[in-house]
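Hi,

Here is the structure I promised to pass on. Have a look at it first, and then read on for what turned up.

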Amino acid sequence: MRSYRELFRTPEFTPLFLGSGAQIAAQTVGGLALATQVYRATGSPLLSAVSMFGPSLAQVVGATFLLSGADRLPPRATLAGISLAFAAGTAVLALPGLPLWAVFAVILVTGLIASLGGGVRWGLLNEILAKDGYLLGRSVFNMMSGLMQIAGFATGGLLVTLLSARTTLILSALLYLVSALIVRAGLTARPPRQTGRPSAAQTWRTNARLWSSRPRRLTYLGLWIPNGLVVGCESLFVAYDPGAAGTLFACAALGMLIGDVTVGRLIRPARRARLAAPLLILLAAPYLVFFLRPPLPVTALLATLASVGFAAGLVQQEQLMALTPDALAGHALGLHSAGMLTFQGVSAALAGTLAQLTAPATAVTVMAGASLLVTGVLLAAGKSPTLVGTPGRQGESHAA
């Protein structure tokens, strides 16, 4: 599968794409509104960062107890149910006078529910598309995510300014409802990929099986940690420059879009396989300059350039699928998604703590330096070709 036209002619790709787009728009608009509301109420960079990325912290719990459902629950009903749950949670967050502890309780619950979403969605995408179409399809989803984030952060910043954070949260809840309707109407009722009930024990067994392969372990760590630390940098945009946070988030989303188009569509597979490590370095290096507090145009350019490096995840996900049995694709991708979001949430909390103790600009620089250090350590540890992305199967075969 080599063209976008082939992708959108594939049955069920378009409704999955549109439903996911509405959900990302809702997350973007609602996340910015909630972070702004918490920062205005508390003046705390830590609480602002955690409110925006806090659902990610709950992903580790979901990955531990719930992830077996990614291959054992019906995809259409599960995706629609997740969107409905987020609509309800966001509506609760918009209630006036909601105490701070209740805000974070809602964030925790929605994060637990969301831990299933990545595995179900990407497992279904892997099922809908031919084997050679997954990376192209995933890159299109990433491009859509970038566009939705650009539009969502720009629109969210405008709505928060012209209306209020609370009203913007209500609009976000409505977008989640739109996502649920698209998924319910557009997808067919496919059976689960595996039989049996989801359970914590099954989740642990499959996690252990996936983790038992050293190449897969290094792939997961490369997908999770450098990415998460850089998201910690982004989580401080509100505290770093409250008036320009929407602009910085939109520029970061634009950079991600550029990277995904370039890597997913324009680079040949043989060359693409060698790009993971350089892209991970690009992902962090521009944020080292934030310590100098450059003017907004320079800051926006640096955020754009850095986010091109998020395309490293495409190369690494392609390698992960080459290392994973077909029957475990949903669980493996769900573990990637849950682990990545968990590290993003942990990094947001760490970045916020550093900003509390020092300053947002200092914390951004420290997080970027840590990302570069981890990338170097993983490269040094990996005689395995995981990070450099050499294609081919290692560890378990698809027959396992």
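Three helices, α2, α9 (134–162) and α14 (245–266), each supply at least two residues of the lining of the second largest pocket. Of these, α9 gives the most, with 6 residues. Before you go further, keep in mind that this is a predicted model. The space in the second largest pocket comes to about 280 Å³. It has 17 lining residues, and the ones closest to its centre are Thr-36, Gly-157, Pro-242, Gly-243 and Gly-246. By class, the lining of this pocket splits into 10 nonpolar, 6 polar and 1 charged.

Rolling a probe the size of a water molecule over the atoms shows where empty space is left. How many cavities of 30 Å³ or more does the structure hold? There are 2 of them. The second largest cavity has about 40 Å³ of space. Its lining is made up of Leu-16, Gly-19, Ser-20, Gln-23, Leu-79, Ser-83, Arg-121, Ser-179 and Val-183. If you want to find it by element, look at α2 (13–42), α6 (75–93) and α10 (165–186), which are the elements giving two or more residues to that lining. Here α2 gives the most, with 4 residues. In terms of class, the lining of the second largest cavity has 3 nonpolar residues, 5 polar and 1 charged.

The axes of α6 and α10 come within 8 Å and cross at roughly 170°. Angles over 145 degrees count as roughly antiparallel, so α6 is roughly antiparallel to α10. On the α6 side, the contact is made by Arg-76, Leu-79, Ala-80, Ser-83, Leu-84, Phe-86, Ala-87, Thr-90, Ala-91 and Leu-93. From α10 come Leu-169, Ser-172, Ala-173, Tyr-176, Leu-177, Ser-179, Ala-180, Val-183 and Arg-184. Sorted by class, the contact of α6 with α10 has 13 nonpolar, 4 polar and 2 charged residues.

Which residues of α11 meet α12? They are Arg-209, Leu-210 and Trp-211, and their partners in α12 are Arg-216, Arg-217, Tyr-220, Leu-221 and Trp-224. This contact of α11 with α12 counts 5 nonpolar residues and 3 charged, with no polar ones.

The last pair is α19 (residues 329–357) and α20 (residues 360–381), whose axes come within 8 Å and cross at roughly 135°. That angle makes α19 oblique to α20. The crossing in which α19 passes α20 is right-handed. Ser-347, Leu-350, Ala-351, Leu-354 and Ala-355 are the α19 residues in this contact, and they meet Pro-360, Ala-363, Val-366 and Met-367 of α20. The residues of the contact divide into 8 nonpolar and 1 polar, with no charged ones.

Cheers

Definitions and conventions:
Residues numbered from 1 in each chain as written. Predicted model: local features only at pLDDT ≥ 70, side-chain atom pairs only at ≥ 80, totals over all residues. Heavy atoms only, no water. Axes fitted to C-alpha atoms, helices over the stretch in contact; angles between N-to-C directions. Parallel < 35°, antiparallel > 145°, perpendicular 65-115°, else oblique. Left-handed = near helix turned anticlockwise from the far one by under 90°. Contact = heavy atoms within 4.5 Å. Nonpolar A, V, L, I, M, F, W, Y, C, P; charged D, E, K, R; others polar. 1 Å grid on protein atoms, 1.4 Å probe; cavity = no way out; pocket = protein on both sides within 12 Å on 5 of 7 lines; lining within 4 Å. Points joined across faces, edges and corners; volume = space filled by probe spheres on them.
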